[in-house]
Amino acid sequence: MTESTNSERRSAPPGETGNTLVEPPETPVPEEPVTPPSEPGEKKVVRLGDRVFQSVATGSGIFVVAIIAAIGLFLLVRAIPALHANEANFLLSGQWRTGDPENMAFGIIDLAWITVASSLVALILAMPVAGGIALFLTQYAPKVLARPFAYVVDLLAAVPSVIYGLWGALVLAPVLKPVAVRLNETLGWIPIFADGNVPAGSGSNVFTAGIVLAVMILPIITGVAREVFARTPAVQIEGALALGATKWEVVRTTVWPFGRSGFVGGAMLGLGRALGETVALTVILSYTFEGPHYSIFDAGATFASRIALGSAEFNNNLTVGAYIAAGLVLFISTFAVNAIARWIESGSARGKE
Amino acid sequence: MAKRLDIKDLNLYYNKFHAVRDVTLQVHARSVTAFIGPSGCGKSTVLRALNRMHEVVPGSRVEGSVLLDGENVYAPGVDPVQVRRTIGMVFQRANPFPTMSIRDNVVAGLKLAGVKDKKRLEEVTERSLRGANLWEEVKDRLNKPGGGLSGGQQQRLCIARAIAVQPDVLLMDEPCSALDPISTLAIEDLIAELKKDYTIVIVTHNMQQAARVSDQTAFFNLPAVGEPGQLVEIGETGKIFSNPSQKATEDYISGRFG
Amino acid sequence: MRTDTADIERPASAPAFQHLGLGRRIKNHTATVLFGLAFVVAVIPLLWVLFTLVRRGLAPMLSTEWWTHSFYGLLPNDPGGGIYHALVGTLEQTLVCAVIAVPLGVTVGIFLIEYGRNSKLARTTTFMVDILSGLPSIVAGLFIYALWITTFGFDRSGFAVSLSLVLLMLPVVVRVTETMLTIVPDELREASYALGVPKWKTILKVVLPTSLSGIITGIILGLARIMGETAPLLILVGYSRAINFNLFDGPMASLPLTVYTARKTSTEAGEYRMWGAALTLVLLIMLINLLATLLSKLFSVKTR
Ligand SMILES: Nc1ncnc2c1ncn2[C@@H]1O[C@H](COP(=O)(O)OP(=O)(O)O)[C@@H](O)[C@H]1O
Ligand SMILES: [Mg+2]
């Protein structure tokens, strides 16, 4: 109890406890410092160690929140002077002239197009494949194989993006060349497959970039989808089976409706990753001064690859500020996409459980 | 060592839910008090309030007082950690620390309080394990993990762990409910021995067990669904089982409880 | 009359199991095949990438020079060269990142599970950790640039890289700590409290050791992941062809930066070094993954 009672007990003469099973300890148990008795009104006694530990833990939580705030703030503060010095319309211009801080003209419209186009190509390709893999792993694959197979898919995420860049630019692009030319020739009447600002056969375009990005976001979407599909209540599945449904009908009527919104949330996470991917695209996309033709055979730069390419120019605050402005737009977009993804995911988790 | 407990007007809450109402009872030193009653009537909740484990649950609240030899464990300025060192507890499911050896499990309370003296730890290990009737079974494998023991052995290990810190009172929440009959008997024998030195409060579902091991018995009940649990009556075990003063007690004991 | 015969030929009772209609069977088989194919589609690029790496990167790795030398003084057409300088950089940058990110992340995890539980701050923190885990690595690099180099006035250095890697590593550590702490049953915490052990000691001596194996595994996997990061390196540190042990001063190589930079030397010798560095990087990551598995076996809670 209180210190005094305790020490009384500990120092009780041995005779009194002679018949006990457990002898009293020879030395008193060292006690940790107890916070001094609290002033009246305050009820809880909290130990010094607990107080310190709790403060440190809470502080670290606050620190994480502060980091995100600081990211937004620092990027904003550094971007504003550059935006003031900008001679072009930041949102609508396609130029990127930042070398001379006295005479800067930069805008993000072309960056936005390449970023969005390559991410969407990636998403369109990756979503059905990821959904298929997730269904295969959770509903079809034998239990013993499901784990190693899932591990194999996860290995895709362990390959660094610079390696994907090399592979995309040097190995995949030449293989894709005839495909790209064929697509361009036969479907060229659809604007999105029309001639881009570089020849369709060049390989260093949104088409190649999108395919490589699709491979890169595949494990992300698959991971989330696998988790939500696996959570389908067994009673629902068994209910459908008891009605004589085939496996496909079970998937279509229970697993898919149950996991759909979680799957979409996972796709949003993948989109966030694709929007911010840097090095693979820096390696794959060729840089051209000609504006985009709004085709998947365009080349150019994304927000992220533009920043990476510009790192050689980072020698004065205004120039850096221009790149930071682009980075800020990227930060805000990925923040929004990720927030929506989490919202969808948590909504689907709450609605179903 | 052993001390008396006086519980006065104890009201216990989980957030807004009033779990137990107005419990007043005495627990005598060096005796066994059994708590019996239907599931959900608040036996565990009362038991956990005695060593301030109740407040570990977020949102929980305590009103009333628990006096240990006249001193209120809920008085302002009393450190709950000290209370728990003085009033030990054994849980329904044996919960040895999985990362620790048998030896380290026994002396966990001392070691975590900073005792480093090897010789003393050795002594306490042996004494506590003997006290829990486990010494002969484990003395050759003190360095093996506690999780490798059988369920009954694990529960006795937990009792050894609890008595190693030399508490004044030992609380046991259905300590045998997960055990086979043989292990149960071993624990009941142990309780009979431990009561020479400790004040023991035991929650049990098993009425024969209450009759076998306890000196006095408290019967708790739920007056109606959604209402807080209450203490119906407390008395000498023999009297409660042969001649209870309340009808509800008699119904429960004779199995006529709805 | 004909219908009568047909009626007679029809079995008296329906067959025990009804046969599926052809359409349903075709649909079912098609779906099965398609889902299996999706998996195959994912495996192809993985094997293709690995095959390319091994085919083109194996030769350099088989020479001793590769492990003991740098690229210092090599002209584009000079053969040979070694990866030592980049290994030093990668290991130093990653280790320093871990030294900062692991204690911080574990503490945040402890806050979320042991103290915060559903408080407003905890929910905000969880959300921010989610946002951090979606933070593009180039933005992490830009932020450290704006903070460390523009605002504090330091030079580009390997340490600036470590700082940006901390941002990418932190959410991994927090997540894995959270997950592992949630698995620890409350009974163990209560057993410890009931022995009169204060909460902070319970966390340090009972809860954390119980979840240690999982946390360590997760952290090492996270380290392997950030080892391949390239984007922040491009803006936070210069590339050096020589060995530089000093994290705080001067340009410093690392494996991903070496791969990226070597790409610009389009000679045969340059490609030799590029693929060698690429395979070295992937091998290192795989090795560390393996190490994580081994450690988790080693540290896992034993019952015998
Ligand atoms: N952690 C908790 N949070 C909220 N309610 C609880 C909690 N533990 C127990 N209760 C409620 O308190 C009441 C008493 O429970 P308990 O003391 O465990 O009963 P007993 O041990 O007699 O079976 C029950 O209605 C139970 O649902
Ligand atoms: Mg109970």
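Predicted model: local features only at pLDDT ≥ 70, side-chain atom pairs only at ≥ 80, totals over all residues.
**Stop 1: the C–B interface.** Show chains B and C together. On one side, 20 residues of chain C are in contact; on the other, 29 residues of chain B. The two chains bury about 2,100 Å² between them. Of that area, 68% is on carbon and sulfur atoms. Now colour Glu190(C), Ala194(C) and Leu195(C). In chain C, these three lose the most area to chain B, together 29% of what that side buries.

Which elements of chain C give two or more residues to the side that touches chain B? Select helix H8 (186-194) and helix H9 (199-227) of chain C. The largest share, seven residues, comes from H8(C).

**Stop 2: a loop in chain B.** Select Arg52(B). It sits in the loop between helix H1 (43-50) and strand S4 (60-68) of chain B. Check the backbone: Arg52(B) has a positive phi of about 60°, although it is not a glycine. Is Arg52(B) buried or exposed? Its relative accessible area is 5%, so Arg52(B) is buried.

**Stop 3: a loop in chain C.** Go to Asn118(C), in the loop between helix H4 (84-116) and helix H5 (120-133) of chain C. Asn118(C) is not a glycine either, and it has a positive phi of about 75°. Its relative accessibility is 65%, so Asn118(C) counts as exposed.

**Stop 4: salt bridges within chains.** Side chains of opposite charge can pair when their charged atoms come close. Over all chains, the count of salt bridges comes to 28.

- Select Arg226(A) and Asp154(A). Their side chains meet in a salt bridge of 3.8 Å, N to O. This pair links distant parts of the chain, 72 residues apart: Arg226(A) is in helix H6 (residues 206-230) of chain A, and Asp154(A) is in helix H4 (residues 143-158) of chain A. Arg226(A) is partly exposed at 24% relative accessibility. Asp154(A) is partly exposed too, with a relative accessible area of 32%.
- Select Glu126(B) and Arg130(B). The closest N and O atoms of this salt bridge are 2.7 Å apart. Why are the two separated by about one helical turn? Because Glu126(B) and Arg130(B) are four residues apart in helix H5 (residues 118-131) of chain B. Glu126(B) is partly exposed at 29%, and Arg130(B) is partly exposed at 42%.
- Select Glu137(B) and Arg156(B). They meet in a salt bridge of 2.9 Å, N to O. Glu137(B) lies in helix H6 (residues 135-138) of chain B and Arg156(B) in helix H7 (residues 151-164) of chain B, so the pair ties together parts 19 residues apart in sequence. Glu137(B) is partly exposed at 36% relative accessible area. Arg156(B), at 8%, counts as buried; the cut-off is under 20%.

Next, select Arg342(A), Glu345(A), Asp130(C) and Arg175(C). Salt bridges that share partners join these four into one network.

**Stop 5: cysteines.** How many disulfides are there over all chains? The count comes to zero. Select Cys41(B) and Cys176(B). Cys41(B) is in no disulfide, and its nearest cysteine sulfur, that of Cys176(B), is 18 Å away. Cys41(B) is buried, with a relative accessible area of 0%. Then jump to Cys97(C), which also counts as buried at 0% relative accessibility.

**Stop 6: annotated spans.** In an unreviewed entry, UniProt lists "transmembrane region" for six stretches of chain A: residues 52-77, 111-137, 149-173, 206-225, 270-289 and 320-344. Select residues 111-137 of chain A. This stretch is 100% helix and 0% strand, and its end C-alpha atoms are 37 Å apart. Then select residues 270-289 of chain A. Here the chain is 65% helix and 0% strand, with the end C-alpha atoms 29 Å apart.

Key:
Residues numbered from 1 in each chain as written. Chains lettered and ligands numbered in written order. Heavy atoms only, no water. Buried < 20%, exposed > 50% of the residue type's maximum accessible area, 1.4 Å probe, protein only. Disulfide = S-S within 2.5 Å. UniProt positions renumbered as here; feature names shortened; annotations may be inferred. Contact = heavy atoms within 4.5 Å. Buried area = accessible area lost by both parts, 1.4 Å probe.
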